[in-house]
Amino acid sequence: LQSVNWQTASNRQAHHTDRFYSQDLIVRRGQPFQVSLTLYRGLSSGGRVTFTASTGPYPSESAKTKAVFPLSNGTSSSGWGAQLVSSRDNILNISILSPANAPIGRYTLDMQISSQGSDSAMKLGTFILLFNPWLQADGVFMSNHAEREEYVQEDAGIIFVGSANRIGMIGWNYGQFEEGILNICLSVLDNSLNFRRDPATDVARRNDPRYIGRVLSAMVNSNDDNGVLAGNWSGSYTGGRDPRNWNGSVEILKEWQRSGFRPVRYGQCWVFAGTLNTVLRCLGIPSRVITNFNSAHDTDRNLSVDVYYDPLGRPIDKSSDSVWNFHVWNEAWFVRPDLGPSYNGWQVLDATPQERSQGVFQCGPASVIAIREGNVDWDFDMPFIFAEVNADRITWIYESNGALKKNSSDTHSVGKYISTKAVGSNSRMDVTEKYKYPEGSSQERQVFEKALGKLKPRASFSATSASSLAREEREPSISGKFKIAGVLAVGKEVNLILMLKNLTSDTKTVTVNMTAWTIVYNGTLVHEVWKDSVTKSLNPEEEIEHPVKITYAQYEKYLKADNMIRTTAVCQVTDEPEVVVERDVILDNPTLTLEVLDEARVQKPVNVQMLFSNPLDEPVKDCVLMVEGSGLLLGSLKIDVPALRPKERSRVRFEILPTRSGTKQLLANFSCNKFPAIKAMLSVDVAE
């Protein structure tokens, strides 16, 4: 053998891997690739050529991690094959075909030539084999072109955050094609517990997207296995980065590799989901990021979450159950031969460490269609995911004598506005109806009963009907809600109005205990910032307004990057059950503006300007701007911004160098001592 030409450019184009920055030959399974071999002399007529493709540390033919196949003129059956396309002089053009269910990963290709009684063996080199969503025979096949472009090839996206009554969005740089990312994604698999325990079996199972998805859901969090990200919901992020500061997965994956595979600090749910999305798309499994508002975290599989209050209206962190303002997970697209063809398609994977599954913090794959049908006894982790979107919310109140009393139950609030980025645009696509039947429909309650019956046989019907009876007995005589008055902005006073309405034709006296706490988005209580108690008399059918004012001085020190304040009012009419009124408000950050100052062209430096005005009556300092964007700059930029006097406006210019044409997403995060994470994003059209 004189030389090998891997025909990288044409192979990568044919295999839809031409966007990877890596110099490797990257091909997709089940699809032929071409290689040209130049020999020192032509093959003699009786010469035999065999190839060996192998992957993993212990390749074996029985495990299908090694294949030995001859050079032939015809095509082979389902396995590996090599076909002689043409030979001219001493050059052989060969087409190599892998099976559509081969394990993915890094392969070595060797060649043996037996000619005139002598054998010679040589290593031709390595290539990387990925899943093939373009191929019908592959379990990850996706037939729709626009969806494939979005869910495999798109390297930037949108993640929805906030709360059900205030949906916000952030940009995220997936960057699955960036330099080194594919190698890091393969390292994620090689660092898993399964690989460490039994590498031969683990590599053999890498032909199955179900297996890879489940392993990745464990590896993207650092619990159990020194995975990629350490979670932290405490509100204190010393020793790491505030989860709200990340702009994408590339920095996270690179830092994990740089540190010798030590967990990167810190992640919260959208960071885990953004990172898992990068790894899935990188390996060729179509995937998307899903946000569920009012997401239940049910720890005891009873399809209800319990929330507790003390008599003064303070929320209590008593139970491990909770309702998150939002929770973010992933869906990956593949077949479910274990469940049957009706359950192919989107499968939930969740890398946020919430509950153990088979002893490890991992979650999924769970078929979205099976969740909708309430098949909670199927693989994997169905009860937990079903509860996230369906659980009933039960409110309990401690009486002043210490007794615990069930106050109310709410079957409607959990699992709202389940959202993902639309194909080809930044709009929100609502996928709630894929997870459950319409709220209040007969099918929805039937599915809930079915699920409860599978989880708690016999007990189910009596328990739910008893609770609904108890609820009908004591209808409250008053109702309440918090209404927002004025703007909600960090640095400004928060103005709310508690509306109280007498629902009866008698006069009622109400004692109201109110509190406000800053919180993390998953409900973690950070600090009480305000409280008040009033007693009001309400005439028959009367509705009154009670103003609530929380000043910046009161909440400033305790507000986290979530910008969330939870206000609660426990309203008591003597000898009646309390009425609990609660509202989480989200305060707006000041605006961060990005503008491109020149026309953007490939390989031509472009100036970008950031504008920020300090809205406060006090200076802000320790200001840092972090910028990234796949195809617009390599790596990320970190710019120290001078301190700003009260009301001062800042203008910062920096340069980017686009490497790809098309519409690209530029992401910025501005942080300082008063504003931990202000986000901006800008679409940049890059010309050739």
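The model described here is a predicted one.

Strands also build an open sheet. Nine of them take part, in the order S1-S3-S7-S6-S5-S4-S8-S9-S2, and their pairing is mixed. Strand S1 (3-5) and strand S2 (26-28) stand at the edges; each has a single partner strand, so one side of each is left without a neighbour in the sheet. From one strand to the next, the twist averages 30°.

Strand S3, residues 33-38, and strand S7, residues 91-97, pair in the antiparallel sense, with six bridges between them. Serine 36 has asparagine 93 in S7 as its bridge partner.

The next feature is a pair of helices. Helix H3 spans residues 181-190 and helix H7 spans residues 250-258; their axes come within 10 Å and cross at roughly 60°. An angle from 65 to 115 degrees would count as roughly perpendicular and one under 35 as roughly parallel, so H3 is oblique to H7. The crossing of the two helices H3 and H7 is left-handed.

Which residues in H3 and H7 meet? From H3 come Ile181, Ile184, Ser187 and Val188, and from H7 come Val250, Leu253, Lys254, Trp256 and Gln257. Sorted by class, the contact of H3 with H7 holds six nonpolar residues, two polar and one charged.

Terms used
Residues are numbered from 1 along each chain as its sequence is written. This is a predicted model: local features need pLDDT of at least 70, side-chain atom pairs count only at pLDDT 80 or more; totals for chains, interfaces and linings use all residues. Side-chain values use heavy atoms; hydrogens and water are left out. Two strands pair if DSSP finds at least two bridges between them. Helices (H or I, at least four residues) and strands (E, at least two) are DSSP runs, numbered from the N terminus. Axes are lines fitted to C-alpha atoms, for helices over the stretch in contact, and angles run from 0 to 180 degrees between N-to-C directions. Angles under 35 degrees count as roughly parallel, over 145 as roughly antiparallel, 65 to 115 as roughly perpendicular and the rest as oblique. A crossing is left-handed if the near helix is turned anticlockwise from the far one by less than a right angle, and right-handed if clockwise. Contact means heavy atoms within 4.5 Å. Ala, Val, Leu, Ile, Met, Phe, Trp, Tyr, Cys and Pro count as nonpolar, Asp, Glu, Lys and Arg as charged, and the others, Gly among them, as polar.
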